[in-house]
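Here is a friendly note to read with the model open beside you. Take the points one at a time and find each residue as you go.

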Amino acid sequence: MQHIDSDKLYADGAYRFEFVSKFMEFGPEDIKAIEAVADHIRPLVPVVVDAVYVKLFQFDVTKKHFVPKNEGFAGEAPTTLEELTLDHPQIKFRKDFLSKYLYKILSGPYDERFLRYLDWVAKIHTDTPEKKSKINVDYIHINALMGFVESTLVGGLLSLNLDRETESKALLAFNKLLWIQNDYFAKYYCNPATIKDAKVSDKSSLCTLASPASLLPLIVGAAAGIAGAWYHFRRA
């Protein structure tokens, strides 16, 4: 049995990635699977990006995060939800950001710099001292967004009609990679002072751990696993 230092998981990004990737069995074969389909997926990136923002604009609770001026955006920010449209310059700025992110995970290289990039993507969505902006997105929205991005990406991948082996390997690889990204987000939302391995100090902590918001990632993960199993069974 391998020992894992729980405190180090929150202090050392490389150590955290090593544990999560090893647990999920994400490795060189998964990287090869992504590289094998990357050229097919790249033309679909604009479609995925547009679909993501249409979805985000369907709910005021997610759309409101795009009203404040984004860090790095030089233009005029909108002042109301009504003023914010899908063709607003700030949304174009955000779409470009998401496009670059998707191209990055398709292209790699999957090295230490790439891991720092995944960590940075997570950090900028939280209210941290290093940021100039004060945008702070609740984890429930981040988690839902990551699920939608993955399902949209999977839909695009399935539409390519690749051979079964290539398709299956790519689906598994993207699933692992995006859950690794989700873990980088979770790192900034989970409080290591209250969430410890099998250490629940009082009833209030138990209620926190059992709350719908805390259980949502587990539910989504279970649903994804069931869907994956059903998909492979259906195609067998």
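**Notes on the model**

1. Helices here are DSSP runs of H or I with at least four residues, strands are runs of E with at least two, and both are numbered from the N terminus. Is H141 buried or exposed? H141 is buried, because its relative accessible area is 16% (buried means under 20%, exposed over 50%, and partly exposed in between, with a 1.4 Å probe and protein chains only). Setting aside neighbours within four places in sequence, H141 is in contact with V61, T62 and H65; contact means heavy atoms within 4.5 Å.

2. A word on the ground rules. This is a predicted model, in which local features need pLDDT of at least 70 and side-chain atom pairs count only at pLDDT 80 or more, while totals for chains, interfaces and linings use all residues. Residues are numbered from 1 along each chain as its sequence is written, and side-chain values use heavy atoms, with hydrogens and water left out.

3. Now step back to the whole chain. The chain has eleven helices and zero strands, so its elements, read from the N terminus, run α-α-α-α-α-α-α-α-α-α-α. Of its 236 residues, 39% count as buried. Among the contacts in the chain with a separation of 6 or more, 66% come from residues 24 or more positions apart. The accessible surface comes to about 13,800 Å², and 61% of that belongs to carbon and sulfur atoms; such areas come from the Shrake-Rupley method with a 1.4 Å probe, and for residues only the protein chains shown count as cover.

4. Next, look at how helices pack. Two packed helices are described by the angle between their axes and the distance between the axes. Axes are lines fitted to C-alpha atoms, for helices over the stretch in contact, and angles run from 0 to 180 degrees between N-to-C directions. For helix 8 and helix 9, the axes come within 10 Å and cross at roughly 165 degrees. That makes helix 8 roughly antiparallel to helix 9 (over 145 degrees is roughly antiparallel, under 35 roughly parallel, 65 to 115 roughly perpendicular, and the rest oblique). Helix 8 passes helix 9 in a right-handed crossing; a crossing is right-handed if the near helix is turned clockwise from the far one by less than a right angle, and left-handed if anticlockwise.

5. Which residues make this contact between helix 8 and helix 9? On the helix 8 side they include I142, M146, L153 and L157, and on the helix 9 side they include L171, F174, L178 and F185. By class, the contact of helix 8 with helix 9 divides into 15 nonpolar, four polar and two charged residues. Here Ala, Val, Leu, Ile, Met, Phe, Trp, Tyr, Cys and Pro count as nonpolar, Asp, Glu, Lys and Arg as charged, and the others, Gly among them, as polar.

6. Helix 9 (residues 164-189) also packs with helix 6 (residues 89-107), at an angle of about 125 degrees and with the axes 12 Å apart. Helix 6 and helix 9 are therefore oblique to each other, and helix 6 passes helix 9 in a right-handed crossing. Y101, I105 and L106 of helix 6 meet F174, L177, L178 and Q181 of helix 9. This contact of helix 6 with helix 9 has six nonpolar residues, one polar and no charged ones.

7. Do check the backbone in the loops. G108 and P109 are joined by a cis peptide bond, with omega about -5 degrees, and P109 lies in the loop between helix 6 and helix 7 (112-123). E25, in the loop between helix 2 (13-24) and helix 3 (28-41), has a phi near 60 degrees, a positive value in a residue other than glycine. N161 is not a glycine either, yet its phi is positive at about 55 degrees; N161 lies in the loop between helix 8 (139-158) and helix 9. E25 counts as exposed because its relative accessibility is 62%, and N161 counts as exposed because its relative accessibility is 69%.

8. S21 is in helix 2 and is buried, with a relative accessible area of 7%. Leaving aside neighbours within four places in sequence, S21 is in contact with F26 and I180. T79 is in the loop between helix 5 (60-63) and helix 6, and at 63% relative accessibility T79 counts as exposed. The C-alpha atoms of T79 and P68, eleven residues apart along the chain, are separated by 7.7 Å.
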